[in-house]
Structures are given as structure tokens and as C-alpha cells.
Amino acid sequence: MDALLLIDVQRDFCPGGALAAEGGDRIVPALNRLIAWAAGRGLPVYASRDWHPSETTHFQAFGGEWPPHCVQDTPGAAFHPELRLPPGAIVISKGGDPRKPGYSAFDGHTSDGRTLLDDLAARRVDHLYVGGIATDYCVKASAIDARRAGLAVTVLTDAVAGIDAHPGDIERALEEMAKAGVEFDRGGS
């Protein structure tokens, strides 16, 4: 079975946010089309979110690489206001361990504590369509972890945006995903 996995389409990763990806808001219409496509076919829709505690080694003040972003229960951690998640969307919270960055959606869990991989297995999902933010971090980590778990993965290139903190990161991420067996599709299914 197919499923749609949306990665971290949150305010802090969109223009005006604490750690904005260029074009983070530009992908929302493409994601909404994918959500409608998946929901219209009765496919599961997953939405991961960074859900960091205020003190974490992921943040610069505590030895990490990034400014504070997507702190639990703050406006920046909210999904983009124009993202139209269906009522049955399964939210995967990640990054809650203050000692780990939680880049991959596979590091996260549902509201009832189930891991993403366990939830996918329970629904017999074997193929993920992936879009979201950031191509060079959380999208890459999630797509590669999905491949390691034996899932087929298609990254939807018109529905991802990257940070490119180090010039060339986005291109390198796409190459790494391709080497891991990730497929790419522009325009969705």
C-alpha cells in the first residue's frame, strides 16, 4: 500500500520562521494537491513535525548547529497555516529527545507512542511518497531510513525545499538519496 509522508511543513521552516528554507511556503500548494490525491484514494497521510524541547543539544546554545526552532507548543512549531491536513492525518513528533537531533521521521512517534515504522507496518504500507522540508536534512534522513527499512520511496521534487546551509547540500542530499535507491518524481503521482 502507498502512503504520503509530509516532512516538517512548519512555520519555523517557512519564510519569516526561525530556520527558514527558501521556498518553504512555495511547496504548500503542491503538498495540498498530494494530500487531496492521497485522501481521495483512502491512503494514509503522515505529517512529521520537529517537536524540540527548549533545551536540546540540537540548538547552538547547547552545543548544536541550529538556532532554536520548532520548540514544543510554540507558534513556530505549528504546521504551515495553509497546509490542509485531512482530519485523519497521523502526526509524527520527532526531536523530543534533548540529546538527539531527530532529523528522521523514523526517529519519531505517533500521539499514542507508536513508532512511524510500526504504524506503517500495521497499515501494510510498503511505498512512501515524500515531500516537505528540508531536502538536505529531514527529508533526506527520512527517505534513507525508509529505504533501510525496506520501503520503496518516491521523493516528490516539486514538493520539497532545502536549507542549503553549506552550498551544495541540496544537490549532495539528492545524490545520497538516489544512491540509497530513492526514486524521484516531479509533479507527484
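**Notebook: strands, core, a helix and the cysteines**

I began with strand β2, where Val45, Ala47 and Arg49 point one way while Tyr46, Ser48 and Asp50 point the other way, and all of these residues are buried. I note here that the model I am reading is predicted.

Next I looked up the partners of β2. Strand β1 (residues 2-7) runs parallel to β2 and is joined to it by four bridges, and Leu5 has Tyr46 as its bridge partner in β2. I then followed the chain from β1 through α1 to β2 and recorded that this β-α-β crossover is right-handed. Strand β3 (residues 90-94) also pairs with β2 in the parallel sense, over five bridges, and there I found that the bridge partner of Ser48 is Ile92.

Which residues have the most contacts inside the largest nonpolar core? I found Leu4, Leu128 and Val155, in a core that has 57 residues. Helix α1 (residues 28-40) gives the most to this core, with seven residues. When I left aside the neighbours within four places in sequence, the contacts of Leu4 included Leu34, Ile35 and Ala38, as well as Val45 and Tyr46; Tyr129 and Leu156 are also among them.

I turned then to helix α4 (residues 169-179), whose buried residues are Asp169, Ala173 and Met177. Seen down the axis of α4, these buried residues fall within an arc of 75°, so they line one face of the helix. My reminder for this step is that an α-helix has 3.6 residues a turn, so residues three or four places apart point the same way. Among the elements that cover the buried residues of α4 I listed α3 (135-148), β5 (152-161) and β6 (183-185). After α4 comes Gly181, and I noted that its phi is positive, near 95°.

Last, I checked the cysteines. How many disulfides does the structure hold? The count is zero. Cys14 is in no disulfide, and the nearest cysteine sulfur, that of Cys70, is 9.2 Å away. The sulfur of Cys138 has its closest cysteine sulfur in Cys70, at 8.7 Å, which is too far for a bond, because a disulfide needs the two sulfur atoms within 2.5 Å. Are Cys14 and Cys138 buried or exposed? Cys14 counts as buried at 3% relative accessibility, and Cys138 counts as buried at 6%.

Note on methods
Residues numbered from 1 in each chain as written. Predicted model: local features only at pLDDT ≥ 70, side-chain atom pairs only at ≥ 80, totals over all residues. Heavy atoms only, no water. Core = buried A, V, L, I, M, F, W, Y, C linked by side-chain atoms within 4.5 Å. Buried < 20%, exposed > 50% of the residue type's maximum accessible area, 1.4 Å probe, protein only. Helix = DSSP H or I, 4+ residues; strand = E, 2+ residues; numbered from the N terminus. Contact = heavy atoms within 4.5 Å. Arc of directions from axis to C-beta. Pairing = 2+ DSSP bridges. Right-handed = clockwise from strand over helix to strand, strands pointing away.
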